[in-house]
Every structure is written in C-alpha cells, then in structure tokens.
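Colleague: I would like to learn how to read a few features of a structure like this one. Could we take them one by one, with the general idea before the case?

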Amino acid sequence: MEVFLEMFSEFVLTLYTEFILALFPKHKFRRGSRAFLSALCVIVATTSVLLVIFGGMLAADYETATERRNGIIMLSVGCAVIALHIALFIETAVNTRKTKKQLRAQYAGVLGKCVCVTVDRPLGSRHPKHENIVYKVNYGYVADVIGGDGEEQDAYIIGVDEAVAEFDGIVTAVIHRFDDNECKWIVVPKGKMFSDEDIIEMTEFQEKYFSTMLVR
C-alpha cells in the first residue's frame, strides 16, 4: 500500500510539473520551484475535493438556513475549481501534444543521424563558469554543425561510463530549451536504447536550470 501511494504521489507531481511547464514554457523554473508549484497545485486540487464533499454533506444535512447556504457555497466553489483544473489539463494536454509534434518535425533531420562528438567536458569534469555543475556524462560538440547560439552544436553522450576524448554515435533525442537559444543533442552508442526517464535523469545535473522538452 505504501509503495502504491508513493508511486501515485510521484505520478501526480510529475503530471502537475508538466502542466506548469506547458502553461509557462517561456519561464525559467528551477526543479525546486517546479516541485513547490506542483505540490501547491495538488493542495489546491485536494482542498477543492474536500470542499465538494463537506459542502455536499452540509447542504444535504443542515439544521439552519445558514448551514445550508454555507454548504452550497462550499460545494459551488469546489466544483468550480475542479472544473477549472479539468479544463486547464485538457488545454495543456492538447498544447503539449501539438508542441511535441512541431518539434519532431523541426528535428526530423537530426534524429537518427550518425555524428562524431568532440568531448571538451569529459565525465567527472566541472563547468568552466559554474563550478557547482559536475558533468555526470561526457559532453562536447559536433564539429561543422552550428547550433542556435552561433557556436558548434553541443551534445551529451549517454551510455559511456568513462571519460573519452571523442565519440561516434547516433542522435537518439534532442533536448529543446524553451528559455535558451540552443538545443542539446543526445548521442548514444549504436544499437543502445534509453528511456526518456533515463535521459532526463542523466542530464538533469545541467538541464534542471532550464525549461525543456525531450524530443525523439
């Protein structure tokens, strides 16, 4: 039972996080802020359900006109907030699907491409400007490909457990940043597959500072 509740809680928080990012794609939320806002949304939704339950009970089993009126008010407010949640979730789901479809078309020529990555920030190294960022994977650039920032295209190398200077692999996904002018390619060894969750977890050390969407 405890495992189920933990999994359900994680699912709800993840759902609300995607909801918040879809509503505010241009804003830069750190992972801590996302968790806080998600938890706040969960509290609001839970409170709304409680208002409906207790408001309904009070409106149905009242002793005075004031209790009945209060019950109806609680019931109405709870139903209104729940309806708003449902409407926003539907709109968010539609917009998210539409955005992913557009991004897949945008990166269609990149996904599945064989590239050579020159590593300038090997596994275990620190960011040249932000020493608190330690690279949990090899990170470098694809020569002769210019990214959105006007410099050579950056890439994460997933699936290599040791520091390397150069790597040939396949672009399996692209991390699109909504609040930056560049994207990050995800390069893996030929024949290897990684889930969305694996990629997000392995790149979170740096991508948690941006509003992103994984495209594949």
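Colleague: Which residues form a nonpolar patch on the surface?

Modeller: A patch is made of residues with over 30% relative accessible area and no salt bridge, where like charges are joined within 9 Å and nonpolar side chains (Val, Leu, Ile, Met, Phe, Trp, Tyr) within 5 Å. Accessible areas come from the Shrake-Rupley method with a 1.4 Å probe, and for residues only the protein chains shown count as cover. Here the nonpolar patch consists of Val49, Leu50, Ile53, Phe54 and Met57, which together have about 460 Å² of accessible area. Val49 belongs to helix H2 (residues 31-60); helices (H or I, at least four residues) and strands (E, at least two) are DSSP runs, numbered from the N terminus.

Colleague: Is Val49 to be called buried, exposed or something in between, and why?

Modeller: Buried means under 20% relative accessible area, exposed over 50%, and partly exposed in between, again with a 1.4 Å probe and protein chains only. Val49 counts as partly exposed because its relative accessibility is 39%.

Colleague: How should I read the confidence of the model?

Modeller: This is a predicted model, in which local features need pLDDT of at least 70 and side-chain atom pairs count only at pLDDT 80 or more, while totals for chains, interfaces and linings use all residues. Residues are numbered from 1 along each chain as its sequence is written, and side-chain values use heavy atoms, with hydrogens and water left out. The score pLDDT is the predictor's confidence in each residue, from 0 to 100; the protein averages 83, with the lowest confidence in helix H1 (residues 2-23), at a mean of 56, and the highest in strand S5 (residues 184-188), at 98.

Colleague: How many salt bridges does a search of the whole structure find?

Modeller: A salt bridge is a side-chain nitrogen of Lys or Arg within 4 Å of a carboxyl oxygen of Asp or Glu, and the search finds five. One of them pairs Asp154 with Lys184, with the closest N and O atoms 2.7 Å apart. This pair links distant parts of the chain, since Asp154 is in strand S3 (residues 152-157) and Lys184 in strand S5, 30 residues apart. Lys184 also meets Glu182 in a salt bridge at 3.2 Å, N to O, and the shared partners join Asp154, Glu182 and Lys184 into one network.

Colleague: Why does Lys184 count as buried?

Modeller: Lys184 counts as buried because its relative accessibility is 2%, and Asp154 counts as buried at 14%.
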